[in-house]
Amino acid sequence: MNRSILAIAIAATLGVSAGPALADEAAPTPAQMEAAKKAFAEGKKLHDKGKLPEAIEKFKESYNLSKNPLLLYNIGLTMEEAAMDDLALYYYRKFLADAPQDAQQRGTVSERVKVLEKKFGSGGAIATTEPAKPSGGKTETKIKPAGTYSATDFQHQIVEAAPPGKPLDVTAFVPEDSGFTVTLYYRTAGEAQFTQKPMKWRYKELVARIPAAKMAGSSVQYYVEVKDHAGTVVTRSGKSTSPNLVNIEAGASPRFYPDVSDDGEVKTSAADVTAHDEEDDPLSKSHPKPKTDDTVVVQPTEPGPPGTGFRDVGSTKFTYMKWGSTAAAATLVGAGVLFMIEAGKYASSLEEDSTQCGAPPCRTYDSYAADLEKSGKRFQTLSNISYGVGAVATAVAGYYWYKELTAKKRGEVKVSKSGSSPETTSWVVVPSIGDGFAGAGAATRF
């Protein structure tokens, strides 16, 4: 399916085309319209050059100035192309809510929303609240009396995985008039102490960033703490003794806002109101229909290649370790069972030798009996070793299967061409030893 960044024609008065989003807002001034057209043209050029984060900022600037809901489609489309699917889902939903019912992109956006909602399961990850106004224009909120709100009014979606070398924006929500103070605590591999960072407002949600430099190693730990007016802890998501764990994985989707700095501040840029070439202006009212050369064709993007390490799901090393540890576990447990059976046979032969002439002990302990006992002990030792090493191999195999299954559920790996998948072929083998018996248990998920 081909998708396009539209060259949009905006009428002189936006009160009609903007729909419900402008019900309580004044129409843009001519100066704002000129700035919006300039921002859109710059965004399109940046998109053509592959500078997607910068293009997104320009498209958002154009939307904030013009309030034309059709620009939400451009923003969402470019975010999806930049692998920021959770944010794209938010803007697609806002497009469906604000755009005219006869907008030609409505069908395409509805299909993308279904795909992304299926990917995220519960309807999206980060951007689930609608921005009302830029943070720079946030009005003073009257705080309600203490006791009005409780721990149940705090919302936070735990982050399970994020890519290395990219910032991670942790988000939360509390009522704006609650007066609650929300703080993020995080630490990375090798750090004993948590770094404290206050969560700041970005539109209708709270955001704090774990910098890209800290997103290294195998994982990052964090917890979120909420306090009331008096400094009393209201609730937490995780705590210092049992923090939330973010696995750092090469195939994970990025989770950060392009307009947020490392300090958690929302970046805002003033629009330059300058004249520009009307012939190159896709927002100009003199061009009610887009030209062919004004349309940017955006091909659907595939997930990036997996990492190459032993812990990178989808890599050759990961596959070798997964199947190698699985085969080793099955082989060792099976060998343990066989060795235990052999040890049992020698024990039976020793007992039979001692009772051949009647009530035991009627036969002396000779070299034959000594050989039987020695061989039985040797097989018993081999059995115990096989079970022990097999248990370790089983744990390793279980780790690799679990890692692949969770990655598949998040949409980071695909089903192989043969149609098999980890979910249909995952086996777990567990050794079982008891009084008078030895064996193994196996389970598979269909």
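Me: Which residues in helix 1 meet helix 2, and which in helix 2 do they meet?
Reply: Keep in mind that this is a predicted model. To read a helix pair, list the residues on each side. On the helix 1 side you'll find, among them, Q32, M33, A36, F40 and H47. Their partners in helix 2 include L52, A55, F59, S62 and L65. Sorted by kind, the residues of this contact split into 10 nonpolar, five polar and five charged.

Me: How do the axes of helix 1 and helix 2 cross?
Reply: For directions, look at the angle between the axes. Helix 1 (residues 30–48) and helix 2 (residues 52–66) have axes that come within 8 Å and cross at roughly 160°. That angle is over 145 degrees, so helix 1 runs roughly antiparallel to helix 2. The crossing itself is left-handed.

Me: Okay, now a single residue. Is E225 buried or exposed?
Reply: Check its relative accessibility: under 20% means buried. E225 has 7%, so it counts as buried. You'll spot E225 in strand 8, residues 219–227.

Me: What does the side chain of E225 make a polar contact with?
Reply: Its partner is the side chain of Y185, at 3.4 Å.

How values were computed
Residues numbered from 1 in each chain as written. Predicted model: local features only at pLDDT ≥ 70, side-chain atom pairs only at ≥ 80, totals over all residues. Heavy atoms only, no water. Helix = DSSP H or I, 4+ residues; strand = E, 2+ residues; numbered from the N terminus. Buried < 20%, exposed > 50% of the residue type's maximum accessible area, 1.4 Å probe, protein only. Polar contact = N/O pair within 3.5 Å; in protein donor to acceptor, adjacent residues only side chain to side chain. Axes fitted to C-alpha atoms, helices over the stretch in contact; angles between N-to-C directions. Parallel < 35°, antiparallel > 145°, perpendicular 65-115°, else oblique. Left-handed = near helix turned anticlockwise from the far one by under 90°. Contact = heavy atoms within 4.5 Å. Nonpolar A, V, L, I, M, F, W, Y, C, P; charged D, E, K, R; others polar.
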